[in-house]
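The points below may be read alongside the sequence and the coordinates.

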Amino acid sequence: MSEVGKRIIFHELLTPEEALSKVFSTVKVEPLGTEVVRIEESYGRVLARDVYSRIDVPPFDRATMDGFAVRAEDTFGADELNPIKLRVIGNVETGAEELPQVNSGEAVEIATGAPMPPGANAVVMVEYTKRSGDELVIYRSVTPGENVMSAGSDVMMGELILRRCTVIREREVGLLAAVGIDRVEVFRRPKVAIISTGNELVSPGKELGRGKIYDINTYTIAHAVASMGAEPIIMGIVRDNINEMRETVNKALNISDLVLLSGGTSAGLADLTYRVLDEIGPPGIIIHGLKVKPGKPTVVAVSRDNKLVIGLPGYPSSALMIFNIIVKPILARMLCTGVDEVKIRAKLAIRADGAKGRRALYPVSLVDTGHGIVAYPLPAESGAISTLAFADGYIAIPETVEYLDSGDEVEVTLFTHQYMPANLYIIGSHDLGLDVLIPMLPGFVRARVINVGSMGGLYAVKRGEADVAGLHLVDEETGQYNVPYMIKYDVKNAVLIRGYLREQGLIVPRGNPKNIRSIEDLLRGDVRIVNRNKGAGTRFLLDLKLKEIASKMGIKFEELVRKVNGYYYEVKTHTAVAAAVAQGKADAGVGIRAAAAMYGLDFIPLGWESYDFAIPIDRLEKDSVKAFLNMLRSNEFRDALSKLPGYKVPNDIGEVIWKGQ
Ligand code: AMP
Ligand code: MG
């Protein structure tokens with residue numbers, strides 16, 4: 001069979017476990033040798049040997065309180081009514097070398113941390129004594145050993161204090177210093193070369209040309225490598241060109257212990273990457289793909305001198321996910337640390353589909369509802385890096401499971417070691433006033449904003465997942481805001497709090513080159529719009545206006561929508577609407593005045609809308625919600641908000657305007 005033929009064959013996909021065992025049986029993955037470092041330079045390094053103590057800690061019996069060193073027996077029976085008198089014969093400071101002998105009837109003044117003088121076996125705290133000259137009155141008895149830390153009680157000479165393969169951080173280095181060790185033998189840090197591939201990639205900081213995007217993977221992967229304690233070596237971007245790729249991969253192999261390459265593994269160009277990676281062998285490519293989604297186009301190759309090259313998928317979120325499940329365990333072996341992942345259990349917020357014979361991985365955003373943690377699965381394959389930035393961890397749906405339903409229990413592998421839940425979940429419609437308010441909240445409030453549109457917020461309140469939801473939903477019949485929706489959707493468990501007024505209008509380029517005057521102009525054909533996502537209050541507003549026009553024209557809404565160029569071009573925030581107009585991707589979009597002002601765009605007012613807050617009744621007593629409401633009602637916030645263009649503060653801001661039951 002020809003070499004080319006071999007590559008084209010569709011190879012069997014492996015599960016992550018199968019892939020790792022194939023890696024570990026093909027190459028010896030182990031620590032790379034050792035070096036000696038000073039303890040002040042040992043942060044994050046991994047001990048190459050067990051460490052034993054050569055001394056006792058503390059090295060001598062040590063006073064743990066300021067007071068008087070005595071023979072405990074001399075104080076027996078002492079109390080407020082029957083104090084005992086002793087004679088002070090001297091004084092011991094910390095670091096003292098000469099120590100007086102304490103005999104019966106005698107006491108020595110002693111400082112915290114000072115060595116106990118011979119003869120004494122306890123310290124009476126200074127608070128229970130009264131001294132005049134060398135006469136000491138003691139109002140409380142002590143038992144032998146009281147307020148004394150005996151030699152070796154913390155660490156004993158010869159004791160194993162830290163094991164091989166322990167990561168040195170603040171607590172470990174404390175132990176090393178305590179026993180007088182100033183240098184330690186640690187494993188050499190694995191050098192990990194990082195290559196991004198793609199003609200479309202440009203390094204951040206440079207000008208973006210047409211059709212280009214910034215290189216993300218170089219940086220996400222480098223940080224992921226560094227966070228494990230390995231040393232990233234950034235090789236930069238290579239074009240989709242076989243010679244360039246070959247050259248960079250070979251260079252990377254020469255200067256590193258592991259090579260991570262991303263992109264170039266999906267169809268089309270895959271052949272190129274495969275050829276380069278196969279050439280580094282034998283054995284060359286040993287894994288041709290994973291039975292996971294996302295991450296199927298993951299390849300692993302082994303060079304002639306047994307170095308691993310791992311080809312990660314191009315999509316940044318997929319690349320990081322595969323880093324977690326494949327690269328982490330490999331690096332952990334090279335570092336000798338083991339993978340220390342933290343897993344927690346949560347309930348799924350919404351249904352998540354399996355991947356038909358592949359393992360589905362979803363990044364999830366966690367919401368602490370007060371009665372359990374709920375996981376919101378986020379799409380991982382979309383190529384949106386923002387999804388991952390807001391994710392707390394990920395879940396895996398087994399190959400054989402068709403889907404998991406909302407409410408099903410899932411195990412979440414955390415991206416960080418500590419999951420620090422937010423204590424104020426603001427889920428709903430995007431608003432610039434909130435961006436002003438949130439930074440003004442007191443320090444204990446850890447707010448998490450999830451922009452899912454007004455309807456998404458309404459449901460999140462109804463399900464008890466949101467603490468606060470910003471809404472601006474206009475009722476088609478009455479033109480009234482928000483209250484009709486609370487009733488129609490039966491959000492009985494919540495109150496509606498008066499927020500503020502925002503001016504909605506058409507955002508158009510500066511100078512309004514297409515001379516857009518009203519919603520009717522959006523039907524002109526030469527005007528392309530940018531729309532908001534379904535469920536967004538602003539989308540409802542536009543639809544309401546379009547429905548009015550449709551009924552005037554005597555045609556169906558669906559028919560009218562077909563005339564609106566760009567109706568299906570959707571973005572998720574007001575600022576994204578303004579950005580699309582600013583970048584010339586649309587001629588108009590509906591949004592708030594503040595967003596137009598932010599981008600220096602023109603604004604054609606359509607009217608004022610109420611942006612109010614729905615809050616579950618049982619959250620009104622929650623400290624973070626109280627802080628939110630206090631700030632909403634404060635003069636400080638009113639002043640700040642009225643400075644935003646297109647915002648008006650009503651007198652009853654912060655008051656309950658509707659209550660469910
Ligand atoms: P590929 O496998 O090269 O076809 O890449 C899949 C997708 O990921 C494409 O949309 C690429 O533009 C994107 N991509 C690949 N590498 C990077 C990178 N380093 N940074 C950002 N996006 C990337
Ligand atoms: Mg590419």
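Which of the 16 residues around ligand 1 come nearest?

1. The model is a predicted one. Around ligand 1 there are 16 residues, and those that come nearest are Glu 200, Asp 215, Ile 216, Gly 264 and Ser 266. Sorted by class, this shell consists of eight polar, six nonpolar and two charged residues.

2. Polar contacts to the ligand deserve attention next. A polar backbone atom of Gly 264 is 2.6 Å from an oxygen atom of ligand 1. Ile 216 also takes part through its backbone, where an N or O atom lies 2.9 Å from a nitrogen atom of the ligand. Ser 196, by contrast, uses its side chain: an N or O atom there is 3.4 Å from a nitrogen atom of ligand 1.

3. On its own, ligand 1 has 480 Å² of accessible area, and the protein covers 82% of this. Two elements give two or more residues to the shell around the ligand, namely β13 (191-197) and β15 (213-214).

4. A pair of helices may be examined next. Helix α17 spans residues 623-633 and helix α18 spans residues 635-642; their axes are 5 Å apart, and the helices pack at an angle of about 60°.

5. By class, three residues of the contact are nonpolar, three are charged and one is polar.

6. One runs from Pro 282 to Pro 283, with omega near 5°; Pro 283 is found in the loop between α7 (270-279) and β18 (284-287). Another runs from Lys 293 to Pro 294, with omega near 0°, and Pro 294 has its place in the loop between β19 (292-293) and β20 (299-302).

7. Where is Asn 147 placed? Asn 147 sits in the loop that lies between β9 (135-138) and β10 (148-149).

How values were computed. Residues numbered from 1 in each chain as written. Chains lettered and ligands numbered in written order. Predicted model: local features only at pLDDT ≥ 70, side-chain atom pairs only at ≥ 80, totals over all residues. Heavy atoms only, no water. Near = heavy atom within 4 Å. Polar contact = N/O pair within 3.5 Å; in protein donor to acceptor, adjacent residues only side chain to side chain. Areas by Shrake-Rupley, 256 points an atom, 1.4 Å probe, with all protein chains shown as cover. Helix = DSSP H or I, 4+ residues; strand = E, 2+ residues; numbered from the N terminus. Nonpolar A, V, L, I, M, F, W, Y, C, P; charged D, E, K, R; others polar. Axes fitted to C-alpha atoms, helices over the stretch in contact; angles between N-to-C directions.
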